Amino acid sequence: MTHWGIIGLGSIAHHFVKDLALVPEAKLYGVASRSLEKANTFASEYLADKAFGSYEELLKDPLVSVVYIATPHSSHKEWAIKAMKTGKHVLCEKPLGLDSGEVVEMIAQAKVSGVFLMEALWTRFNPSMEAVVNRIKTNDIGAIQYLQADFGFYAMDRDPKSRVLDPALGGGSLLDIGIYPIFLSYLLLGKPKSIMATSSFNETGTELQTAIIFNYKKAKAVLYSGFTSKSSMVAQISGSEGLITIDSRWHESQGFKLEKENGTEIESVSLPTLGRGYTYEINAVHEALSQDWIEHPKWTHQDSLNLSELLDAVQAAAKNQ
Ligand SMILES: NC(=O)c1ccc[n+]([C@@H]2O[C@H](COP(=O)([O-])OP(=O)(O)OC[C@H]3O[C@@H](n4cnc5c(N)ncnc54)[C@H](OP(=O)(O)O)[C@@H]3O)[C@@H](O)[C@H]2O)c1
């Protein structure tokens, strides 16, 4: 059994532990909050062995093997590095760091401590995503010419001090949800030759909308994230011999459609996830620990670094607009 500890008991922590309970090799051992009362309530709801009123106390417990960091982006680096320094393996929510400089420091610590570190980019392990990657590898749609992916929801009614909108907590659509369309383009096409981007901001400086074009030698990717309205969240990957449409919401998809260029064949593939879909990244962590890996081959340290460099480059391109 792998003993998990959870740091930061907010919205995603609730979803994550429900999926953790579906993985037989996982044990929800400890949960840590800045408030002991909150930790106790969470521990009794999800049957955790231990509740801690500070993150430090959880890190001091020798029975915690892997820590899931579910705090706002602005403290991922701090808690991931503290956890790794105490010898814990880490699954850290996305984005791994606020920028590529932070990601470099985090990866360096994983190497020094000899522990596993992975960004919780669960979409990489989603069964539909895995199948789409395989279909592209086996040339089912030919060479990709055009990719479109978006992620938008209405967040303007949120508290300006919430992590989504507060710049001090790393707020803004790009790091929170724009990371997914960028991830998809990076996963399937790699790093682009050039980037065009434009953003809009509110009066506190929080980025609210970003439209992006990734320019590849033989393909274009049109990407979008925003908090000002909902978007369809259907992703399209269009190749010279066919089109894949990943069902909404594509980042947690339960299936996709494949249409051949000549119109002869439309295939609908259904791949329902176990739980909400975090079970697959949890299994990936277990696989890595069983092999003594410090990174997972499907979402490596270099992948996280490349992704954060792309986020930096998009922000720089939008600034120059
Ligand atoms: N993979 C996914 O599907 C997914 C979905 C949503 C979010 N996320 C990621 O998960 C992370 C957390 O998101 P969330 O939506 O769960 O946020 P949230 O509901 O605001 O919860 C964040 C938790 O972090 C802790 N925290 C520590 N320092 C804080 C501070 N200065 N201000 C506020 N909270 C602080 C708090 O827990 P305590 O009070 O218990 O200490 C809080 O409940 C983000 O990095 C986000 O990108 C991932």
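The model contains an open sheet of 8 strands, with mixed pairing and the order E8-E9-E10-E7-E11-E12-E13-E14. Strands here are DSSP runs of at least two residues (E), helices are runs of at least four (H or I), and both are numbered from the N terminus; two strands pair if DSSP finds at least two bridges between them. Strands E8 and E14 stand at the edges with a single partner strand each, so one side of each is left without a neighbour in the sheet. From one strand to the next, the twist averages 10 degrees.

This is a predicted model, in which local features need pLDDT of at least 70 and side-chain atom pairs count only at pLDDT 80 or more, while totals for chains, interfaces and linings use all residues. Residues are numbered from 1 along each chain as its sequence is written.

Strands E11 and E12 run antiparallel and are joined by 5 bridges. Ile237 has Ile244 in E12 as its bridge partner.

| Strand | Residues |
|---|---|
| E11 | residues 235-239 |
| E12 | residues 242-246 |

The largest nonpolar core has 88 residues, and Ile6, Ile7, Ala80, Val90 and Leu117 have the most contacts inside it. Such a core is a set of buried Ala, Val, Leu, Ile, Met, Phe, Trp, Tyr and Cys residues joined through C-beta atoms within 7 Å; buried means that 20 or more other C-beta atoms, placed from the backbone, lie within 10 Å of the residue's own. Helix H7 (residues 173-189) gives the most to this core, with 8 residues. Domain 1 (2-121 + 278-295) and domain 2 (127-272) both give residues to this core, so it lies between them; the domain bounds come from an automatic or database domain assignment.

Technical notes. A residue is buried if 20 or more other C-beta atoms lie within 10 Å of its own, exposed if 12 or fewer, and partly exposed in between; C-beta atoms are placed from the backbone. Axes are lines fitted to C-alpha atoms, for helices over the stretch in contact, and angles run from 0 to 180 degrees between N-to-C directions.
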